[in-house]
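Please view the sequence and the model together while reading.

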Amino acid sequence: MSNELEFLSRRVASGKLSRRDFLGRAAALGVTATFANSLLSGAARAAGPVKGGTLKAGLVGGESTNSLDPALFMTQVPFAFGKMWGEMIVELSPEGKLENRIAEEIGSSDDAKVWTLKIRDGVEFHNGKTVTAEDVAATLERHSDEKSKSGALGYMKGIETIKASGKEVVLTLKEPNADLPYLLSDYHLIVQPNGGKDKADAGISAGPYKVTTNEPGVRHGGERFANYWQGDKMGHADQIEIIVINDATARTAALQGGQVNMINRVEPKIVDLIKRVPGVTIRNHSGPGHYVFIMHCNTAPFDNNDLRMALKLAIDREEMLNKVLRGYGSLGNDFPINAAYPLFTEIEQRKYDPDKAKFHYKKSGHDGSILLRTSDVAFPGAVDAAQLFQQSAAKAGITLEVKREPGDGYWSEVWNKQPFCASYWGGRSTQDQMYSTAYLSTADWNDTRFKRPDFDKMVLAARAELDEAKRKAMYHDMAVMVRDEGGLILPMFNQFIDATGAKVDGWVDDPHQELMNGYALAKCWLQA
Amino acid sequence: MSSPILKLIAQRIALGILLLLAVSVLIFAGTQILPGDVAQAILGQSATPESLANLREQLGLNDPAYIRYFRWLGGVLTGDLGTAMSSGQDIATSIKGRLWNTLFLAFWAAIVAVPLAIILGLIAVRYRNGWVDKLISGLALASTSFPEFFIGYVLVYFFAVKWQIFPGISTVYDGMPFGERMQAIALPATALTLVVLAHMMRMTRAAILNVMQSAYVETAELKGLSAFNVIRKHAFPNAIAPIINVVMLNLAYLIVGVVVVEVIFVYPGMGQYLVDHVTKRDVPVVQAVGLIFAAVYIGLNIIADIAAIVANPRLRHPK
């Protein structure tokens, strides 16, 4: 039976059999549609990418204020377009491994303090020049400049010296960091000629597409770069286009009407409707992003661990996952790490337990209602989530007062200022990055005011540790500490939900970011 | 043309300019009251005190508000709208394309909407209180009562998703062939037409009906003119002033009130441009766009005023 199916799927891939016929035959052989479909896409991948055509994406997250300067990338559209024209030093593969791009090899000294990047030969910029070690060094220098507004500045500050010599770039760090290669995969660090010091927003790098159109907030377009160094892997369509469609309904309609081939951010509540549209495939997969309620550990009444524990036990995670995310996510466990991170260890799942919550609440001695601030912009469904939290807490005898704040100014006036509010995190590529960004005492974004010298020491020790098994154990201990003593209530990790239209092939789920970590337009192709 | 008319027109224009200045102060004050500042808005969740201070210094946000206001006003008077704080692009250049797009859409919506509204109004008067009148009024009122986004989505659902006649997203760009451009704006122009239709139609109907009560119309009827000729030759010219007024108001709406329609159809006009920059607290852009909107509004109102004066013999020949 399976031989026949495989034969048929190869026929579809080579265009000798229609997809519908194939599914019919598969059904006749007693195979479920899901399995048949997966077989089909596997066969298409095996048959190899099809060159040519125009791939279009309709994306939310673009504004007329966007710039082509990679240092200033914040939202999804510049991010995704950057992956089209930009080339990275190193990138994360869909399997979570490091994939060398402009750096052919990365090595470190035994103490993880001095790192050497060997620059690949024959990689060409769009302007015809060859990528040199000096360009890479200048790029890193620009992003570590205190005056620069680079989104990568936070970790780039940890680099003490950057030196280019011959084909190598040598980085000396202030503190040992075993994760440096992962940090270099940050999407801001697009290698530019002379590091972009001459013209930061020129849109020139060594990526698979050359910038042809750049109308911020409207559309961005590119044509295939003939001299791309790994043209067999990426850059299948002749042209790519990103159309900015911030309205969710318009985005879905554009996909249904066939004006775009893929969209990002399908709302969980309409996924089931979209699924039924012929030709449309929902591409949902989990990532490190999560939705949270955050308490300031140094502000009354949240400075009492019993009260924090009471609130952690008084939230019904399963209900929230089902109602707010419609199941498109996974349960959170009050620490910001999940299986999307390397070196993750499972910890016993915390459950909704009104009785235990009641016990801890009594022990805390707190009386009266607790103010929880929320807003539509905190995360999609944050207002509903806060109300669900209110109801589940009420059953444990805890009174939450929900205050809805205006979305405008939420990030400047409420988040990281008020002691208890809803928020979200997009996640980082390594555990060290996540903990350093939001859980170190000195971190600007320590939005739970989790200030523990013993924890800080653990972060630094884990960062310098090159032995994976030891590191894994350290991260486990840190996770337990944040989970049981921190100010983070993490009910759920959200999934990326993208969708593709008819004939789009070559999709591979990537846990790091939506749209195959931004590469969907370059790595997918249109079936002939 | 007599001098009183010129004087009246000059007065209107002077008043308009004063009004514009007042509006610019209001807009500036409004943008100051918004919570947070542009540096905070640009950096968003990623703002650290350090990067905030750097950016504020770079953007000159540490000067007092009135100095920033006059600096900007001086620039505007010399034709320099400044650069956008958030992206560093020249505002005048980016606005030019956007304004052109908005005007293009408004123009085609008006070309359809104005004659259609007036003709429908005339037909409604001709068959007043009959079923034709009631049908026209009913449909027009219904289309106006639905919010724009609802009409927009209904149009998208049928014309773009179900039948796939017109594109659901109206992205237009420089160098787009005229035919494609027209196809792209078909749906937003239809939505706009439906939104403004009833107001103009009802006003035409009311104004003409009002005139129809007068003695000279009765005379015209008695001398044997057909019903349409009575309306065309005697009633319409006398009812034109209020009709022009309402047409101008609606034209202004087509230009300054299209934010929602632009967002739904992803049309790169002024509305979207404004919304993007309001969320970024980009004061120069918000002010420039606000000022242009105000100028359009005031300008069209002046035109309506002047047209009403010119159309009215009593104002044309004051005693």
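At what angle do the axes of helix α9 and helix α10 of chain B cross?

## Basis of the model

This is a predicted model, in which local features need pLDDT of at least 70, side-chain atom pairs count only at pLDDT 80 or more, and totals for chains, interfaces and linings use all residues. Residues are numbered from 1 along each chain as its sequence is written, while chains are lettered from A and ligands numbered from 1 in the order in which they are written.

## Two helix pairs in chain B

The axes of helix α9 (residues 215-222) and helix α10 (residues 227-256) of chain B cross at roughly 150° and come within 10 Å. Helices here are DSSP runs (H or I, at least four residues), as are strands (E, at least two), numbered from the N terminus. Axes are lines fitted to C-alpha atoms, for helices over the stretch in contact, and angles run from 0 to 180 degrees between N-to-C directions. α9(B) is therefore roughly antiparallel to α10(B); angles over 145 degrees count as roughly antiparallel, under 35 as roughly parallel, 65 to 115 as roughly perpendicular and the rest as oblique. On the α9(B) side, B:Tyr216, B:Val217, B:Ala220 and B:Glu221 meet B:Val230, B:His234 and B:Ala235 of α10(B), where contact requires C-beta atoms, placed from the backbone, to lie within 7 Å. This contact has five nonpolar, one polar and one charged residues. Ala, Val, Leu, Ile, Met, Phe, Trp, Tyr, Cys and Pro count as nonpolar, Asp, Glu, Lys and Arg as charged, and the others, Gly among them, as polar.

A second pair is formed by helix α5 (residues 91-126) and helix α13 (residues 283-311) of chain B, which pack at an angle of about 45° with axes 11 Å apart. α5(B) is therefore oblique to α13(B). B:Ile91, B:Ile95 and B:Leu99 of α5(B) meet B:Pro284, B:Val285, B:Ala288, B:Val289 and B:Ile292 of α13(B). By class, eight residues in this contact are nonpolar, with no polar and no charged residues.

## Contact between the chains

The contact takes 32 residues from chain A and 36 residues from chain B. On the side of chain A that touches chain B, the elements giving two or more residues are β10 (239-244), α8 (248-256) and α14 (410-414). Of these, α8(A) gives the most, with five residues. The residues on this side of chain A divide into 11 nonpolar, 12 polar and nine charged.

A residue is buried if 20 or more other C-beta atoms, placed from the backbone, lie within 10 Å of its own, exposed if 12 or fewer, and partly exposed in between. Among the buried residues are A:Arg251, A:Leu255 and A:Gln256. Their cover includes β1 (54-59) and β17 (488-500) of chain A, together with α7 (148-162) and α11 (259-264) of chain B. Just after α8(A), A:Gly258 takes a positive phi of about 80°.

## A residue of α17 in chain A

A:Met481 is found in helix α17 (residues 468-485) of chain A. With 17 other C-beta atoms within 10 Å, A:Met481 is partly exposed. Its C-alpha atom is separated by 8.7 Å from that of A:Phe335, 146 residues apart along the chain.

Definitions and conventions
Contact = placed C-beta atoms within 7 Å.
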